[in-house]
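Here is a short briefing on one protein model. Please keep the sequence and the 3D view open while reading.

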Amino acid sequence: MTPPLKALELFCGIGGFAAAAGTNIRIAGALDQSAVALAVYRWNFPEHPARQADLEKITADELAGYGADLWWLSPPCQPYTVRGRKRDLDDPRARSLGHLLAVFPEIPPDRLPIHLALENVPGFALSQARDRLTSLLLKRGYQIRERHLCPTELGIPSRRPRYYLSASRLPLRPSFSFEERPLRPLLDFLDLSLNDDPPPELLLAPEVLTRFGDGFRILDPDEDTAYTTCFTGGYGKSLMHAGSYLRCRDGVRHFAPHEIARLLGFPVSFRFPEKLSLRKRWKLLGNSLSVCAVREVLNGFSVHACPTAPSLFP
Ligand SMILES: C[S@@+](CC[C@H](N)C(=O)[O-])C[C@H]1O[C@@H](n2cnc3c(N)ncnc32)[C@H](O)[C@@H]1O
């Protein structure tokens with residue numbers, strides 16, 4: 001049997017990558033600077049060594065010290081969004097990725113990860129950060145594959161188009177391309193008890209609906225082709241462009257955090273610490289990632305050098 005691949009999760013947040021990893025991957029380290037995100041991570045993945053760290057300061061030696069075969073990176077995406085004014089590497093929120101790019105050349109060849117993957121917003125594809133990262137990886141002998149992927153292509157009724165880079169020092173498997181799957185019904189992901197008896201904090205006030213309702217995406221739970229727009233970290237704070245709403249018995253409601261977690265592909269056992277506010281739960285989920293899309297990306301990596309070797313998710 002092939003031993004599990006050792007992974008280092010950089011910018012781990014609440015653990016979207018950990019949720020995707022399954023038994024073929026062992027997390028050697030999970031790093032993030034946010035204490036709140038780490039509390040959720042540890043609550044759900046107590047067996048993984050999650051640590052608070054500022055990735056603007058990490059050294060090449062510390063990174064190599066994890067002895068990981070795979071690095072997964074989900075750096076902050078604001079520097080590459082229109083809202084974040086697309087300041088790219090000049091944005092202070094890109095400093096951590098800029099620092100990682102600066103120390104990567106210091107890692108000796110025999111301590112480099114075999115595989116590396118990165119997830120970000122579609123705008124990353126046209127950034128200087130992407131150009132710098134890909135040229136570094138090519139120089140160090142990695143094969144590269146880039147693509148955009150949205151969970152709707154995998155049959156999940158929720159939009160979250162993202163850029164994915166896979167880099168490997170082994171041949172990348174062809175399975176990174178796949179056939180688009182039919183959308184599953186939104187109903188499969190909903191907590192219908194919330195439709196019959198919605199808690200007041202999920203409901204939209206009637207005056208908000210009268211004033212802004214025309215600009216909202218309001219879904220009928222049993223509509224066959226319903227899909228949500230992307231839930232952002234601003235859901236519950238910004239009314240517009242932060243995610244969709246649902247029609248329910250008493251009006252129109254927000255999606256509950258556990259419904260969004262299901263749409264992202266987190267297991268049903270995924271929980272938040274009880275004291276964490278609704279707003280914080282929405283924010284952390286909005287910053288997280290599609291677990292199903294991560295699995296698809298991981299599927300492109302071979303577990304060892306033979307081209308017919310099994311993938312991580314056979
Ligand atoms: C796009 S989110 C990644 C979320 C993660 N993939 C998940 O599943 O929740 C970016 C993460 O980077 C973290 N971050 C931002 N700057 C950082 C830094 N300098 N050092 C460490 N983590 C940082 C944030 O706390 C946030 O959790």
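The model is predicted. Seven strands form an open sheet with mixed pairing. Three strands form another open sheet, also with mixed pairing. Helix H8 is largely enclosed by the rest of the structure, because seven of its eight residues are buried.

**Seven-stranded sheet**

- The strand order is S3-S2-S1-S4-S5-S7-S6.
- Strands S3 (50-52) and S6 (143-149) are the edges, and each pairs on one side only.
- From one strand to the next, the twist averages 15°.
- In general, strands of a sheet pair through backbone hydrogen bonds, in either a parallel or an antiparallel sense.
- S1 and strand S2 (residues 25-32) run parallel and are joined by six bridges.
- Within that sheet, leucine 8 faces glycine 29 of S2.
- S1 also pairs with S4, again in the parallel sense, over four bridges.
- Leucine 10 has leucine 73 of S4 as its bridge partner.
- S6 and strand S7 (residues 162-168) run antiparallel, with seven bridges between them.
- Glutamine 143 is bridged to serine 168 in S7.

- S1 is mostly covered, with five of its six residues buried.
- Together, S1, H1 and S2 make a β-α-β unit, and the unit is right-handed.
- Helix H2 (residues 35-44) lies across S2 and S3.
- The angle between H2 and S3 is about 165°.

**Three-stranded sheet**

- The strand order here is S8-S9-S10.
- Strands S8 (218-219) and S10 (251-254) are the edge strands, and each pairs on one side only.
- Strand S9 (residues 245-248) and S10 run antiparallel, joined by four bridges.
- Leucine 246 stands opposite arginine 253 in S10.

**Helix H8**

- H8 spans residues 257-264.
- Its buried residues are Pro257, Glu259, Ile260, Ala261, Arg262, Leu263 and Leu264.
- The cover over these buried residues includes H1, helix H9 (278-287) and helix H10 (291-298).
- Glycine 265 follows H8 and has a positive phi, near 100°.

**Positive phi in loops**

- Most residues other than glycine have a negative phi.
- Phenylalanine 11 has a positive phi, near 65°, and is not a glycine.
- Phenylalanine 11 sits in the loop between strand S1 (5-10) and helix H1 (16-21).
- Is phenylalanine 11 buried or exposed? Phenylalanine 11 is buried, because 23 other C-beta atoms lie within 10 Å and the cut-off for burial is 20 or more.
- Aspartate 88 also has a positive phi, near 55°, and is likewise not a glycine.
- Aspartate 88 belongs to the loop between strand S4 (70-73) and helix H4 (95-103).
- Aspartate 88 counts as buried, because it has 20 other C-beta atoms within 10 Å and burial needs 20 or more.

**Proline 122**

- Proline 122 lies in the loop between strand S5 (115-120) and helix H5 (128-139).
- Leaving aside neighbours within four places in sequence, what is proline 122 in contact with? The contacts are His148, Pro161, Arg162 and Tyr163.
- Proline 122 and proline 49 are 73 residues apart in sequence. In space, C-alpha to C-alpha, these two prolines are 30 Å apart.

Conventions. Residues are numbered from 1 along each chain as its sequence is written. This is a predicted model: local features need pLDDT of at least 70, side-chain atom pairs count only at pLDDT 80 or more; totals for chains, interfaces and linings use all residues. Helices (H or I, at least four residues) and strands (E, at least two) are DSSP runs, numbered from the N terminus. A residue is buried if 20 or more other C-beta atoms lie within 10 Å of its own, exposed if 12 or fewer, and partly exposed in between; C-beta atoms are placed from the backbone. Two strands pair if DSSP finds at least two bridges between them. A crossover is right-handed if, with the strands pointing away from the viewer, the path from the first strand over the helix to the second runs clockwise. Axes are lines fitted to C-alpha atoms, for helices over the stretch in contact, and angles run from 0 to 180 degrees between N-to-C directions. Two residues are in contact if their C-beta atoms, placed from the backbone, lie within 7 Å.
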